[in-house]
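Here are a few notes to read with the model open beside you. Take them one at a time and find each spot as you go.

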Amino acid sequence: MFLVLLFGILVVFETMSLPGQFAHMAKESPDLAYLRWPATAVTVFWVICVQVVIVATWKLLTMVKHDRIFSQGALAWVDAIVWAIAAAWVVLVGVFLYVGFRADDPGLPLLLFLLVVGVAVLGLLMVVMRALLRQATTLRTDMEAVI
């Protein structure tokens with residue numbers, strides 16, 4: 001239920017709130033109006049990445065419920081999570097570099113750097129979890145073959 005609610009909220013954000021926010025920003029700060037469409041595109045892309053993670057998590061939870069988590073199908077959904085996090089991280093690094101070279105205040109670049117490191121750690125955690133799932137799947141397959 002929470003995954004569906006979060007997904008729905010993110011749809012509202014990506015279709016109404018984010019574009020409206022950046023349109024308002026362009027009106028209020030004409031000197032930053034050129035950032036309206038790039039900022040909208042980047043933030044909507046990040047929301048889509050989160051939605052991919054939500055859908056993959058839902059599928060994995062369904063597989064757990066049906067005792068099918070230790071299968072090759074589960075690895076595909078974990079791969080989707082890893083690739084979504086990686087794609088979001090690459091775009092985040094690009095934003096960090098863009099802002100970092102243009103900033104006159106260290107606050108925003110430091111915040112973005114913290115996010116870059118945090119998302120990298122999350123991605124590495126998912127890589128570890130994928131390796132553990134692969135190992136457990138292999139062990140379960142081997143055990144089933146023996147029995």
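**Notes on the helices and a loop**

1. Start with helix α1, residues 2–28, which bends by about 45° at Phe13. Keep in mind that this is a predicted model.

2. Stay on α1 and look for its buried residues: they are Leu10, Glu14, Leu18, Phe22, Ala23 and Ala26.

3. Next, the pair α2 and α3. Two packed helices are described by the angle between their axes and the distance between the axes. Here α2 spans residues 36–65 and α3 spans residues 72–102; their axes come within 9 Å and cross at roughly 160°. An angle over 145° counts as roughly antiparallel, so that is how α2 and α3 run relative to each other.

4. Which hand does the crossing have? α2 passes α3 in a left-handed crossing. The residues making up the contact of α2 with α3 are 22 nonpolar, two polar and one charged.

5. Finally, go to the loop between α2 and α3, where you'll find Asp67. Most residues other than glycine have a negative phi. Asp67 isn't glycine, yet its phi is positive, near 55°.

Methods: Residues are numbered from 1 along each chain as its sequence is written. This is a predicted model: local features need pLDDT of at least 70, side-chain atom pairs count only at pLDDT 80 or more; totals for chains, interfaces and linings use all residues. Side-chain values use heavy atoms; hydrogens and water are left out. Axes are lines fitted to C-alpha atoms, for helices over the stretch in contact, and angles run from 0 to 180 degrees between N-to-C directions. Helices (H or I, at least four residues) and strands (E, at least two) are DSSP runs, numbered from the N terminus. Angles under 35 degrees count as roughly parallel, over 145 as roughly antiparallel, 65 to 115 as roughly perpendicular and the rest as oblique. A crossing is left-handed if the near helix is turned anticlockwise from the far one by less than a right angle, and right-handed if clockwise. Ala, Val, Leu, Ile, Met, Phe, Trp, Tyr, Cys and Pro count as nonpolar, Asp, Glu, Lys and Arg as charged, and the others, Gly among them, as polar. The bend at a residue is the angle between axes fitted to the seven residues ending there and the seven starting there. Buried means under 20% relative accessible area, exposed over 50%, partly exposed in between (1.4 Å probe, protein chains only).
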